[in-house]
Amino acid sequence: MKKIVSAFALLTLPLILEGAVFPWEPFDRVIAVVNESPIIESEVVERVNRAHGRAKLTPKQQSAAMSRIIDKLIERALVEQEAQEQYIIVSDKKIDAHIEKLMERMNISSLDDFKKRIQATQKMKFEDYREELKISIMTEQVMSLAIGVSPPTTREAMDWYNANRQKLGFEVNVKHILLRPANASLAEEKRVNAEMKKLLQRIYAGESFESIARKHSQDPGSAQKGGDLGWVPLAELDPYFANQAYRMNKPGQLSGVVKSSFGYHIIKYLDRRPISFDSVKDRIFNMLFQQKMGEQFGKWIQQRRERSEIKIYMDNYVRG
């Protein structure tokens with residue numbers, strides 16, 4: 001009898017389910033497939049929105065923008081597949097080490113400050129930046145193994161510097177005092193601004209800038225050095241900070257209270273000079289290497305696309 005009931009229940013189950021109502025959520029649409037790896041439409045749209053902000057695109061512009069993003073995601077999928085074949089793993093530790101080098105080069109001592117700089121300049125969440133950095137490191141390793149891209153020589157870097165030094169701008173030698181608001185409230189902003197004005201008056205009254213920086217500055221990287229940032233290219237400073245430093249030209253000159261994305265500053269200007277080779281050599285090496293890799297990467301991607309099974313389910317897709 002139990003067997004008959006069980007069989008009957010199985011036969012009637014489809015009828016019961018057919019009449020049931022479930023809160024199904026819509027599935028995200030697959031807009032492309034690269035060797036069985038899907039590319040999801042929502043990611044494409046999110047990247048287009050990030051790139052174009054609130055700009056209203058025509059249907060033709062929207063299709064072109066989505067096509068370019070799909071091309072980039074196809075490249076990314078091919079790199080990830082090659083990395084898997086070559087057993088290349090980019091760990092969080094490796095990404096952290098790369099970020100530490102960037103922070104050192106940009107003279108940023110706090111990870112929170114670095115995150116603010118990235119969000120302000122790259123217009124993306126820090127988590128997204130880490131993911132993009134991971135793919136960049138992975139691409140370099142894939143290219144090194146698959147093609148063997150050689151790094152530029154010191155002679156090549158120096159030649160580029162000599163040919164372009166007039167376009168590189170200046171670096172400034174400055175000190176600063178930094179105070180950070182504890183929160184984003186207007187009352188806290190006013191409190192910190194008023195506190196900075198008091199410190200500025202104390203300096204004008206004869207107290208040592210360096211002594212006040214050591215006692216009060218909330219920049220852990222420079223406070224114990226009397227606020228000294230050393231020689232810094234203007235392009236690597238916060239835009240608001242850089243704009244103020246650029247307008248200063250007398251050794252020992254003090255700024256007023258300057259607000260940046262990090263907090264409130266008092267800047268002491270010491271000197272300026274054309275950017276030295278030592279200040280930018282790492283960037284030049286990286287730029288020249290990226291150029292070499294970019295040329296080889298384009299050829300490699302073309303070959304991989306021709307050998308891969310790629311399906312695109314987007315109307316009006318145009319390959320770049």
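Before you select anything, a word on terms: helices (H or I, at least four residues) and strands (E, at least two) are DSSP runs, numbered from the N terminus, and two strands pair if DSSP finds at least two bridges between them. You're looking at a predicted model, so local features need pLDDT of at least 70 and side-chain atom pairs count only at pLDDT 80 or more, while totals for chains, interfaces and linings use all residues. Residues are numbered from 1 along each chain as its sequence is written, and side-chain values use heavy atoms, with hydrogens and water left out.

**Stop 1: the three-stranded sheet**

Colour β1, β2 and β7. Together they make an open sheet of 3 strands, in the order β2-β1-β7, with antiparallel pairing. β2 (37–40) and β7 (310–312) are at the edges with a single partner strand each, so one side of each has no neighbour in the sheet. Neighbouring strands here are turned by 20° against each other on average, direction ignored. For angles, axes are lines fitted to C-alpha atoms (for helices over the stretch in contact), and the values run from 0 to 180 degrees between N-to-C directions.

Zoom in on β1 (residues 30–34), which pairs with β2 in the antiparallel sense over 4 bridges.

Helix α3 (residues 59–85) lies across β1, β2 and β7, at about 35° to β1.

**Stop 2: the core**

Which residues have the most contacts inside the largest nonpolar core? They are I31, I39, V44, F114, Y129 and V142, in a core of 41 residues. A nonpolar core is a set of buried Ala, Val, Leu, Ile, Met, Phe, Trp, Tyr and Cys residues joined through side-chain atoms within 4.5 Å. Buried means under 20% relative accessible area, exposed over 50%, and partly exposed in between (1.4 Å probe, protein chains only).

β1, α2, α3, α4 (92–105), α5 (111–122), α6 and α11 each supply at least two residues of this core, and α3 gives the most, with 10 residues. Centre on I31: leaving aside neighbours within four places in sequence, I31 is in contact with I39, I40, E41, V44, M66, I70, K311, I312, Y313 and M314.

**Stop 3: rings**

Next, show the aromatic side chains. Rings of Phe, Tyr and Trp (its six-membered ring) pair if their centres lie within 6.5 Å; planes under 30 degrees apart count as stacked, over 60 as edge-to-face and the rest as tilted. The structure holds 5 aromatic pairs. Take F126 and Y129: their ring centres are 6.0 Å apart and the planes are at 25°, so the pair is stacked. Both are in helix α6 (residues 126–146), 3 residues apart, about one turn of the helix, and both are buried.

Then jump to F297 and W300. This pair is stacked too, at 6.1 Å centre to centre with 25° between the planes. Both are buried, and they are 3 residues apart in helix α11 (residues 277–307), so about one helical turn separates them.

**Stop 4: the four-stranded sheet**

Select β3 to β6. This open sheet of 4 strands has the order β4-β3-β6-β5, with antiparallel pairing. β4 (228–233) and β5 (254–259) are the edge strands, each pairing on one side only, and the twist averages 35° from one strand to the next.

β3 (residues 170–179) has 9 of its 10 residues buried, so the strand is largely enclosed by the rest of the structure. β3 pairs with β6 (residues 264–274) in the antiparallel sense over 10 bridges; look for K175 with its bridge partner K268, and F170 opposite P274. On the β4 side, β3 has 5 antiparallel bridges, and V172 has V232 as bridge partner.

Bring in helix α8 (residues 186–204), lying across β3, β5 and β6 at about 170° to β5. Helix α10 (residues 239–246) also packs on the sheet, touching β3, β4, β5 and β6, with its direction about 55° from that of β6.

**Last stop: charges over rings**

A charge sits over a ring if NZ of Lys or CZ of Arg is within 6 Å of the ring centre and within 35 degrees of the ring normal. Select R272 and F170: the charged end of R272 sits over the F170 ring, 5.5 Å from its centre. Then pick R273, which lies over the face of W231 at 4.0 Å from the ring centre.

Key. Contact = heavy atoms within 4.5 Å.
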